[in-house]
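Subject: Handover of a structure and its findings

Dear colleague,

Please find below the structure that I am passing on to you. The notes that follow it set out what was found, region by region.

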Amino acid sequence: MSIVVSIIDIAENEAKKAHAEKISELELDIGTVSGIELNALNFAFESVKPQTMLKNAKIKINIIYAKSKCEDCSFEYKTDNVYNLCPKCNSYRTHIIQGKEMKVKSISVD
């Protein structure tokens, strides 16, 4: 819930800077290893947005699938968690290069 409240605060502050009366669309990028549960995020939005400038807004969520890169062999691969071994060389020296995103991508206002 606190994440949704923070996102709404960001969106409303930006809308007010543009002298808008309402937000018609909010687009988010959410990574698959960001720690965000999408069902809980959607439920929280539906619970909170009726009292905000996003009352009738469309919430669009872009899912960013996680990718890791091996520091030993430079192989890049899709992953579903942060602890996978490199599938090419079995190294533990890997790091997430995509999929931890949690950001407001765009806000459409009226």
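I begin with Cys89, whose place is in the loop between β4 and β5. Please bear in mind throughout that this is a predicted model. With a relative accessibility of 35%, Cys89 counts as partly exposed, because that class lies between the limits of 20% for buried and 50% for exposed. Leaving out residues up to four places away in sequence, Cys89 touches Cys70, Asp72 and Cys73. Lys105, by contrast, is 16 residues from Cys89 in sequence, and the two C-alpha atoms are 35 Å apart in space.

Strand β3 (residues 67-70) is joined to β4 by three bridges in the antiparallel sense, and Lys67 stands opposite Lys78 in β4. These two strands, β3 and β4, form a hairpin with five residues between them. In the turn of that hairpin, Ser74 has a positive phi of about 65°. Towards β5, β3 has four bridges, and the two strands run antiparallel. The bridge partner of Lys69 in β5 is His95. The two faces of β3 may also be told apart: Ser68 and Cys70 form the covered face, while Lys67 and Lys69 form the uncovered one.

A question on the rings may be of use here: are the rings of Phe75 and Tyr77 stacked or edge-to-face? The count of aromatic pairs comes to one. In this pair, the ring centres of Phe75 and Tyr77 are 6.0 Å apart and the planes are at 15°, so the pair is stacked; the cut-off for that class is under 30 degrees. Phe75 is partly exposed, at 31% relative accessible area, whereas Tyr77 counts as buried, at 7%.

I turn next to strand β1. Of the nine residues of β1 (residues 23-31), seven are buried, so the strand is largely enclosed by the rest of the structure. β1 is joined by seven bridges to strand β6 (residues 102-109), and these two strands run antiparallel. Within this pairing, Glu27 has Ser106 of β6 as its bridge partner. Seven bridges also join β1 to strand β2 (residues 58-64), and here the strands run parallel. In β2, Ile63 is the bridge partner of Ile30. Between β1 and β2 the chain passes through helix α2 (residues 38-48), and this β-α-β crossover is right-handed.

The loop between α2 and β2 holds Ala57. Ala57 is buried, with a relative accessible area of 4%. Apart from neighbours within four places in sequence, Ala57 is in contact with Ile23, Ser24, Glu25 and Lys49. Lys22 is 35 residues away from Ala57 in sequence, yet their C-alpha atoms are 8.2 Å apart in space.

Lastly, there is the largest nonpolar core. Which of its 18 residues touch the most other members? They are Val4, Ile23, Leu26, Leu28, Leu41, Phe45 and Leu54. At least two residues of this core come from each of α1 (2-17), β1 and α2. α1 makes the largest contribution, with five residues. Val4, one of the core residues named above, touches Leu41, Ala44, Phe45 and Val48 when residues up to four places away in sequence are not counted.

One is β1, which is paired in the antiparallel sense with β6 and in the parallel sense with β2.

Yours sincerely

Technical notes: Residues are numbered from 1 along each chain as its sequence is written. This is a predicted model: local features need pLDDT of at least 70, side-chain atom pairs count only at pLDDT 80 or more; totals for chains, interfaces and linings use all residues. Side-chain values use heavy atoms; hydrogens and water are left out. Buried means under 20% relative accessible area, exposed over 50%, partly exposed in between (1.4 Å probe, protein chains only). Two strands pair if DSSP finds at least two bridges between them. A crossover is right-handed if, with the strands pointing away from the viewer, the path from the first strand over the helix to the second runs clockwise. Rings of Phe, Tyr and Trp (its six-membered ring) pair if their centres lie within 6.5 Å; planes under 30 degrees apart count as stacked, over 60 as edge-to-face and the rest as tilted. A nonpolar core is a set of buried Ala, Val, Leu, Ile, Met, Phe, Trp, Tyr and Cys residues joined through side-chain atoms within 4.5 Å. Contact means heavy atoms within 4.5 Å.
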